[in-house]
Amino acid sequence: MRPSGRDLSDMRPISIEVGVTKHAEGSCMIKCGDTHVLCTATIEERVPPFLKNTGLGWVTAEYGMLPRATNTRMRREAKAGVSGRTQEIQRLIGRSLRAGVDRAALGEKQITVDCDVIQADGGTRCAAITGGWVALRLAANKLLKAGLVTSDPIVDHVAAISAGIYAGQPVLDLDYPEDSAAGMDGNFVLTGRGRLIEVQMSAEGATFSRDEMNTLMDLAEKGVAELVAAQKTAVE
């Protein structure tokens, strides 16, 4: 039995509210159970120096957790310094979102997706990727509407979900009580067409078999399909 009472393949409740901030070109609040992440997308008419005069755009991301996103207060990273964990997650979000973008169609523009965790209960990086895509999609819509790009730079949905082995059983969408006690866990980033972008899997106390890995991959595909459906509903 899972701590939440969910079946092994059940997701937490998902909600995505768009247009939650006034100034950002794209924004949403994504809630995956008790994990809540604010995602905003900002368009700038510039690119990093290594892309100047290439005709290619860039998508990057920043990620952070508010001090009371967890059950004890964390120091703000502006004071404590950006942790290795935060840097790794930021890079993951950026890599993932770029996989769904035609950078030539974007042109020499940069879109920065900021993901701020308001409340954490496991799966924050997956929620940030899924919500970050929604903010990115909304920003691209503004570019299209204003005639600042001639073709859609978004080529596919991008979403992410966790799956792991908890109490000896494969489970989908781990919350914190499961994540903190899992024998192994993984994060799966896929496109809307089911293409793999990134898979992070590691044993946390017990090794796992190839069959178990395949089972988790099947669970992740199911979960991402549900997330993509939620993204479509949100942006429509």
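**View 1. Six helices and nine strands make up the secondary structure of this protein.** Helices here are DSSP runs of H or I with at least four residues, strands are runs of E with at least two, and both are numbered from the N terminus. Keep in mind that this is a predicted model, where local features need pLDDT of at least 70, side-chain atom pairs count only at pLDDT 80 or more, and totals for chains, interfaces and linings use all residues. Residues are numbered from 1 along each chain as its sequence is written, and side-chain values use heavy atoms, with hydrogens and water left out.

View 2. Of the 236 residues, 48% are buried, meaning under 20% relative accessible area with a 1.4 Å probe, protein chains only.

**View 3. Here we zoom in on Met65, which sits in strand β4 (residues 58-65).** Leaving out neighbours within four places in sequence, Met65 touches Thr70, Met74, Arg85, Val117 and Ala120; a contact means heavy atoms within 4.5 Å.

**View 4. Now look at Met65 together with Val228.** These two are 163 residues apart along the chain, and their C-alpha atoms are separated by 24 Å. Across the protein, 69% of the contacts between residues at least 6 apart in sequence join residues at least 24 apart.

Methods
Buried means under 20% relative accessible area, exposed over 50%, partly exposed in between (1.4 Å probe, protein chains only).
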